[in-house]
Amino acid sequence: MKIYLDNSATTKPYQEVVEEMKAALTEDFYNPSSIYDGGVDISRKIEGYRSLIADTLGCKPKELLFTSGGTESINTAIFSLKNSRKKHIITSMAEHSATLEAMKKMEKLSFEVTYLKPSKDGSIKPEQVLDALREDTCLISLMAVNNELGSVTDVIGIAKQVKKKQDVLIHVDAVQAYLKQPLKLYDKVIDFLSISAHKIHGPKGVGVLYHNEEALLLPLIVGGGQEGGQRSGTLNTPGIYGMGKAIELFYPDLQNHTEKIRRRKEQLRDKILEEIDFVKVLSPEDGICHILNLSFVGLRGEILLHSLEKEGIYVSTGSACSSKKSYSHVLNALELGREIKEGAIRFSLSEETTEEEIDKVVEALKKNVVTIRRIMKMGKRRNV
Ligand code: PLP
């Protein structure tokens, strides 16, 4: 039996999601743009799911585009500004690479990008954004929840304060936040928002971009004019069905689910701190419910990861590759010491994580952390 604690990377699709996708592949395989009844019925079902997603976000269905996932949504939002006369963008050093790589391209198009340094808890504070605002700022792009630490940035609060001062477009990467915290767009202060299905027990390769109807969107993909000409390509019916079904299952009981995940996360954290010495909690106390980043000081995260893997436990490491001495850009941005970055492990939970699994993980950690620390210490002594 595997214990899967890497739900920030991806989640296991619900069985009902798989069934719904199977129906899309076997029965509802018609082109949703076709005008015969098979196609029309599928299109109606897709529009039903679009309305459901709009309800969860507090926006209009026509403000949502189906995309191939978080990365495409983020790219579409950012590149929509490429013809802007104003040439300054604000983002943070702790964004996902989908944002950071898009920013590099914008820099090549002669935009100037300000990368805000996250505060100690990994979030971005309103004053930082307000201080960085310039007359020529055209876009602010920030993540609502950091995927490595779980830090929460009050993107709606920031957007409200910014819009009071200046008319700037605001994009929110809500990939880790969607269905994990309340996120409503009623007051229209957010212009673009990106979400991804595979983080919420839906399939990979499908997501949504919200675009405020007043914000100009430049299509990234052109062709047959689907999605009102804003995102061409035959709609990914199985993906959309799967995403819609996942939301339909999770959303009505949102609060119970997220409370349950938070309880499990706190149990895991408390038991580890009780049982194992020299552990530093990197995730903030008020972070999102599903992400817990801990540093097991005195060992290398990836060694611990592989020893847990041998026991059927899947987690993720903050340091990309210690042999190349390259650490996570998020941990680097926080200017943590080498030992802390090296020992970082991210546990990310889902509502399917059980108490029994938590106990097994703590037992496995107790054993492996002590062994690895001892071996690493011996290695160091030998090298002296
Ligand atoms: N943004 C964040 C915060 C993420 O965690 C991820 C995925 O890990 C993405 C964007 C990219 O989403 P996708 O995998 O759907 O392209």
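**Close-up 1. Strands S12 and S13 pair in the antiparallel sense.** Strand S12 covers residues 316-317 and joins S13 over two bridges; strands count as paired if DSSP finds at least two bridges between them. Thr 317 has Ile 345 in S13 as its bridge partner. Over on strand S10 (residues 291-296), Leu 294 also stands opposite Ile 345, and S10 and S13 run antiparallel over five bridges. The strand and helix labels are DSSP runs numbered from the N terminus (helices are H or I with at least four residues, strands are E with at least two). A quick note on what you're looking at: this is a predicted model, where local features need pLDDT of at least 70 and side-chain atom pairs count only at pLDDT 80 or more, while totals for chains, interfaces and linings use all residues. Residues are numbered from 1 along each chain as its sequence is written, and side-chain values use heavy atoms, with hydrogens and water left out.

**Close-up 2. Strand S13 is covered on both faces.** S13 takes in residues 344-348, and five of its five residues are buried, buried being under 20% relative accessible area, exposed over 50% and partly exposed in between (1.4 Å probe, protein chains only). In a regular strand, side chains alternate between the two faces of the sheet. Here, Ala 344, Arg 346 and Ser 348 sit on one side, with Ile 345 and Phe 347 on the other.

**Close-up 3. Four strands make an open sheet in the order S9-S10-S13-S12.** The pairing is antiparallel. S9 (279-281) and S12 are the edge strands, each with a single partner, so one side of each has no neighbour in the sheet. Helix H8 packs on this sheet and touches S9, S10 and S13 (contact means heavy atoms within 4.5 Å). The direction of H8 makes about 15° with that of S10; axes are lines fitted to C-alpha atoms, for helices over the stretch in contact, and angles run from 0 to 180 degrees between N-to-C directions.

**Close-up 4. Helix H7 is largely enclosed by the rest of the structure.**

**Close-up 5. Gln 176 is a buried loop residue.** Gln 176 lies between strand S6 (169-173) and S7, with a relative accessible area of 6%. A polar atom of its side chain is 2.9 Å from the backbone oxygen of Ser 8. Beyond neighbours within four places in sequence, Gln 176 contacts several residues, among them Val 145, Asn 147, Lys 199 and His 290.

**Close-up 6. Ser 151 is buried in a loop too.** This loop runs between strand S5 (137-143) and helix H6 (155-165), and Ser 151 has 1% relative accessibility. The Ser 151 side chain reaches the backbone oxygen of Asp 121 at 2.7 Å. Leaving aside neighbours within four places in sequence, the contacts of Ser 151 include Gly 122, Ser 123, Val 145 and Pro 284.

Notes. A polar contact is a pair of N or O atoms within 3.5 Å; within protein, one must be able to donate a hydrogen and the other to accept it, and residues adjacent in sequence count only if both atoms are side-chain atoms.
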